[in-house]
Amino acid sequence: MVGKGAMSNSIEELANTDFLFVAGSNTTEAHPVIALRMKRAVRNGATLVVVDPRKIELTRWANRHLQIRLGTDIPLYNAMARVMIEEELYDRDYVENRTEGFQQFARHVEMYTPEYASDICGISPEDIVRTAREFGAAAPKASICYTVGVTEHSCGSHNVQALANLGMMAGLFGRPNAGVNPLRGQNNVQGASDAGAIPTDLPGYQKIESPGVREKFERAWGAKLPKRRGITKITAMDQMLRGKVRAVYVMGENTVVSDPHANHAKKALEAADFLVVQDIFMTDTARLADVVLPAASFAESEGTFANSERRVQRVRPAVPPPGEAQPDVDILLQLFRRMGKPQNSRTAEDAWDEMRRLSPIHAGITYKRLDQEGGLQWPCPNEEHPGSMYLHGDDMESGMPGFFAPVDHIPPAEQPDEQYPLALTTGRRRSTYHTGTQTGRAAGFDLLVPHEFLEINPADASELSIRNGEKVRVTSRRGEVEVHANVTEKSPRGTVFMSFAFPDSTLTNALTSDAYDFITETPEFKACAVRVERIPNIQHAANGKTPSAD
Ligand SMILES: Nc1nc2c(c(=O)[nH]1)N[C@H]1C(S)=C(S)[C@@H](COP(=O)(O)OP(=O)(O)OC[C@H]3O[C@@H](n4cnc5c(=O)[nH]c(N)nc54)[C@H](O)[C@@H]3O)O[C@H]1N2
Ligand SMILES: Nc1nc2c(c(=O)[nH]1)N[C@H]1C(S)=C(S)[C@@H](COP(=O)(O)OP(=O)(O)OC[C@H]3O[C@@H](n4cnc5c(=O)[nH]c(N)nc54)[C@H](O)[C@@H]3O)O[C@H]1N2
Ligand SMILES: [Mo]
């Protein structure tokens, strides 16, 4: 809608905003440093509104917790937009000068009265109106932050569009201490997509299908490039099963544990003729591989990471890699050589300089400057440019007016029913990291969270005669797992929660669904239907040291 998928603003700016709207982000657990800026904003007098079906820790700092039903964000945001239009709380000048499609959008949200939205999302009409008024009054000194509680739904793109609609009406793009801010996940996930590790783009978000782009890279690389965009991982997995994708190279991902519907993911990788896995540990995915390439970790490698706020920073080896492990870039350069395409680059810095030559947003970011200045935010088009705190200054990054996207509520693909009466949502806890390959090796983490646990509301637990700490069976249409129950008010009625860090005892993704967002093909990790049962005839609570979620 505005031409860039990155935080529009910066982490530091969050502390100086007047209104923080945090949706689908368990920030204190998954982005603790960013959460510190949010807490500072609250101390400075900002209003904090948290949209989350679960009573996450951040709600303690919030002025209001909008505890929506799972997967019902769009009606809430559309209704807020409606209130802001009706009460003229939007930025008329901004909408006229910088956006397109507002009239159509305004007509679209007309049916989303607070009462209608309330019926779907469960938030009272009064709270919807109150939140819209506070947001409208604070704007443009207001900031929207969201994470994967919003995106990992089959309507994920539409969820984001609904939030961006609010951001555009309120004039939040291109203003300081404002913006619409996706908090990125892994340390270098932003850097990976900046470098072109996405199916549609070459480095620096240059579209492979745009005129001139492919030719530029073909000249620089002395190679023919495909004319069309690539496929996403969802499609790739599917094509492996059909025998159309036959060679697979997995780098830094424990796919058989982190992909949805684990059984399907495993079958797909097994169906490939040739599987290479490059990882720092012997993971469940690496065990399936024909070739395992042992990589060095971040603390053993030279290079750069780009963090959530588009800031490129240096990493440096603190210790040498163990055994045969080598930095990822060295492995790749050797592969090029052995496959008959030796590269001019010899070092991580050479590779980065090539990126600077080919990607205009990175052109001004040199290693020398990174060493002197500590970190630079793209776009940074030349060596005199200070880097960009926020995007969309005078114009949207797309070079076009921002466009409003009228979107409607679409419920999660799989709804609870008689057979599978509860909704399972999955995500993170502070003391574990994803599939546990890294945090599962440290005794300290083991003390904090020794095993997986299922968070379940006391009313649901009592209906199922489940006591805190006892082992239960969780079954979905695709699989079943056993797990300790954690009876807690953190989970709302009807919704249970698990992380996915203990695959040896509880493979959470054996349960999750095949549904995905049609635009981005992001899996619906955040909602599937399950049944929870006591496990009869076993000794309960013998080692029931189920920790509390706090
Ligand atoms: N400690 C730790 N930190 C991490 C990670 C980790 O594994 N461990 N992983 C990193 C990565 S890659 C990522 S992507 C981020 C993810 O960071 P987050 O997105 O903050 O983490 P999640 O726990 O996946 O989900 C966020 C929240 O979304 C809520 N949610 C679920 N469904 C809905 C819904 O329909 N609407 C709304 N509004 N909210 C919903 C959940 O209740 C949950 O509180 O964390 C990063 N940080
Ligand atoms: N049920 C459920 N499933 C989910 C999610 C969810 O919320 N619920 N979230 C999804 C999301 S947002 C994400 S990002 C994924 C994460 O899924 P994964 O990325 O598969 O999870 P990790 O355990 O972080 O795996 C990363 C791997 O990279 C390796 N590694 C670490 N550093 C390096 C390095 O420098 N070089 C190389 N070559 N390897 C390295 C680690 O050892 C590890 O095996 O999970 C997704 N799956
Ligand atoms: Mo992520």
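Reply: **Where two helices cross**

Helix α3 (residues 73-86) packs against helix α5 (residues 102-109) at an angle of about 110°, and their axes are 9 Å apart. That makes α3 roughly perpendicular to α5, a label for angles of 65 to 115 degrees. Axes here are lines fitted to C-alpha atoms, for helices over the stretch in contact, and angles run from 0 to 180 degrees between N-to-C directions. Helices are DSSP runs of H or I with at least four residues, numbered from the N terminus.

The crossing of α3 past α5 is left-handed, meaning that the near helix is turned anticlockwise from the far one by less than a right angle. On the α3 side, N78, A81, R82 and I85 meet F102, F105, A106, H108 and V109 of α5, where contact means heavy atoms within 4.5 Å. By class, this contact of α3 with α5 has six nonpolar, two polar and one charged residues (Ala, Val, Leu, Ile, Met, Phe, Trp, Tyr, Cys and Pro count as nonpolar, Asp, Glu, Lys and Arg as charged, and the others, Gly among them, as polar).

A few words on the model itself: it is predicted, with local features needing pLDDT of at least 70, side-chain atom pairs counting only at pLDDT 80 or more, and totals for chains, interfaces and linings using all residues. Residues are numbered from 1 along each chain as its sequence is written, chains are lettered from A and ligands numbered from 1 in the order in which they are written, and side-chain values use heavy atoms, with hydrogens and water left out.

Now for one residue of α5. V109 sits in that helix and is buried, at 1% relative accessible area (buried means under 20%, with a 1.4 Å probe and protein chains only). Leaving aside residues up to four places away in sequence, V109 touches N78, A81, R82 and I85.

For comparison, look at helix α12 (residues 233-241) and helix α14 (residues 262-271), whose axes come within 8 Å and cross at roughly 60°. M237, M240 and L241 of α12 make this contact with H264, A265, K267, A268, L269 and A271 of α14.

Finally, the cysteines: a search of the whole structure finds zero disulfides, a disulfide being a pair of cysteine sulfur atoms within 2.5 Å. C121 is in none, and the nearest cysteine sulfur, that of C155, is 13 Å away.

How values were computed: Parallel < 35°, antiparallel > 145°, perpendicular 65-115°, else oblique. Buried < 20%, exposed > 50% of the residue type's maximum accessible area, 1.4 Å probe, protein only.
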